[in-house]
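Welcome! Take a moment to look over the sequence and turn the model around before reading on. The notes that follow are a guided walk through some of its features.

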Amino acid sequence: MDEETEYRIKRVQAGEIQDYVYIVQKYQKQIFTYCWRLLSSRQEAEDAVQDILVKAYEKINLYKPNVNFSSWLYKMAYHHCINIIRRKKMQQKWKLGLVNPNQTANSPAEIMERQLFSEPLNRALGKLNTVERNLLVLRIYEEKSFAEIGEILNKSPESVKKKYTRTKNKLKKMMSELKEEEKCLDYNVLLKTKV
């Protein structure tokens with residue numbers, strides 16, 4: 001962690017709440033991107049970031065500098081997003097049969113999301129479970145090390161690396177089953193990511 005962030009955290013812990021603005025500005029965009037990739041919804045990601053940053057502020061006195069602050073924040077974001085995903089699954093089960101999914105029109109935001117997150121890759125990622133998808137997002141899009149991911153998931157770097165390799169191979173197999181014209185640029189970049 002950089003010295004400026006560490007300094008600001010200590011000041012916030014000491015009661016200088018205005019220094020939290022620096023932390024929000026530094027991490028807001030990357031936490032938003034992470035949440036958007038996990039939740040696949042811009043609106044839900046925006047709401048999640050607000051909640052996560054408020055929760056981080058409320059719990060900042062629990063933060064200890066022996067853990068990377070970024071990992072501490074991502075761990076909080078991960079658990080928050082998992083709760084949202086679980087809640088959505090419960091709501092979907094409840095609504096099953098009550099609403100015809102073909103009745104809703106695509107909003108401009110949904111169309112934009114599909115363009116930003118390629119449709120074939122998005123479909124393949126959607127077939128992965130939440131833990132697998134989170135692992136790929138942290139490693140590939142967020143460029144976290146296996147040690148950092150281990151901190152976030154409470155796993156050893158070795159077990160994270162093994163799970164990542166298995167997940168990457170699973171995704172590779174799913175993507176290879178798609179028609180050649182549906183393959184996307186993101187897929188080729190993804191497969192070239194080194195373990």
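In α7, the buried residues are Thr130, Glu132, Arg133, Asn134, Leu135, Leu136, Val137, Leu138, Arg139 and Ile140. Keep in mind that this is a predicted model.

- Helix α7 runs over residues 130-141, and it is mostly covered, with 10 of its 12 residues buried.
- Here is a check you can follow yourself: at 1.5 Å a residue, the 12 residues of α7 should span 16 Å, and the end C-alpha atoms are 15 Å apart, which agrees.
- What caps the N-terminal end of α7? Asn129 does this, with a side-chain oxygen 3.0 Å from the backbone nitrogen of Val131.
- Just after the helix, Glu143 takes a positive phi of about 55°.
- Arg139, one of the buried residues of α7, has its charged end over the ring of Phe146, 4.0 Å from the centre of that ring.
- Arg139 also lies over the face of Tyr164, where the distance to the ring centre is 5.9 Å.

- Find Glu142 in the loop between α7 and α8.
- Is Glu142 buried or exposed? Its relative accessibility is 13%, so Glu142 counts as buried, the cut-off being under 20%.
- The side chains of Glu142 and Arg37 meet in a salt bridge, 3.5 Å from N to O.
- Arg37 belongs to helix α2 (residues 20-39) while Glu142 sits in the loop between α7 and α8 (146-153), so this pair ties together parts that are 105 residues apart in sequence.
- Both partners, Glu142 and Arg37, are buried.
- Leaving out residues up to four places away in sequence, Glu142 touches Gln30, Thr33, Tyr34, Arg37, Tyr74 and Val137.

- His80 has its place in helix α4, which covers residues 69-95.
- With a relative accessible area of 11%, His80 is buried.
- How far apart in space are His80 and Cys35? Their C-alpha atoms are 9.1 Å apart, although 45 residues separate the two in sequence.
- Beyond residues up to four places away in sequence, His80 touches Ala48, Asp51, Ile52 and Lys55.
- Ile84 lies in helix α4 too, and at 11% relative accessibility Ile84 counts as buried.
- Ile84 and Leu38 are 46 residues apart in sequence, and their C-alpha atoms are 10.0 Å apart in space.
- The contacts of Ile84, again not counting residues up to four places away in sequence, are Leu39, Glu44 and Ala48.

**Aromatic rings**

- How many aromatic pairs does the structure hold? There are 8.
- Among them, Tyr63 and Trp72 form an edge-to-face pair, 5.5 Å centre to centre and with 65° between the planes.
- Tyr63 is buried, at a relative accessible area of 4%, and Trp72 counts as buried at 16% relative accessibility.
- Tyr63 and Trp72 belong to one aromatic cluster together with Tyr27 and Phe69.

**Salt bridges**

- Side chains of opposite charge can pair when their charged atoms come close.
- Searching the whole structure turns up 11 salt bridges.
- Arg11 takes part in a salt bridge with Glu16 at 3.7 Å, N to O, and in another with Asp19 at 2.5 Å, N to O.
- Arg11 counts as partly exposed, at 27% relative accessibility.
- Glu16 is partly exposed as well, with a relative accessible area of 32%, whereas Asp19 counts as buried at 5% relative accessibility.
- Salt bridges that share partners join Glu4, Arg8, Arg11, Glu16 and Asp19 into one network.

Definitions and conventions. Residues numbered from 1 in each chain as written. Predicted model: local features only at pLDDT ≥ 70, side-chain atom pairs only at ≥ 80, totals over all residues. Heavy atoms only, no water. Helix = DSSP H or I, 4+ residues; strand = E, 2+ residues; numbered from the N terminus. Expected span 1.5 Å × (residues − 1). Buried < 20%, exposed > 50% of the residue type's maximum accessible area, 1.4 Å probe, protein only. Polar contact = N/O pair within 3.5 Å; in protein donor to acceptor, adjacent residues only side chain to side chain. Contact = heavy atoms within 4.5 Å. Phe/Tyr/Trp six-rings, centres within 6.5 Å; stacked < 30°, edge-to-face > 60°. Lys NZ or Arg CZ within 6 Å of the ring centre and 35° of its normal. Salt bridge = Lys/Arg side-chain N within 4 Å of Asp/Glu carboxyl O.
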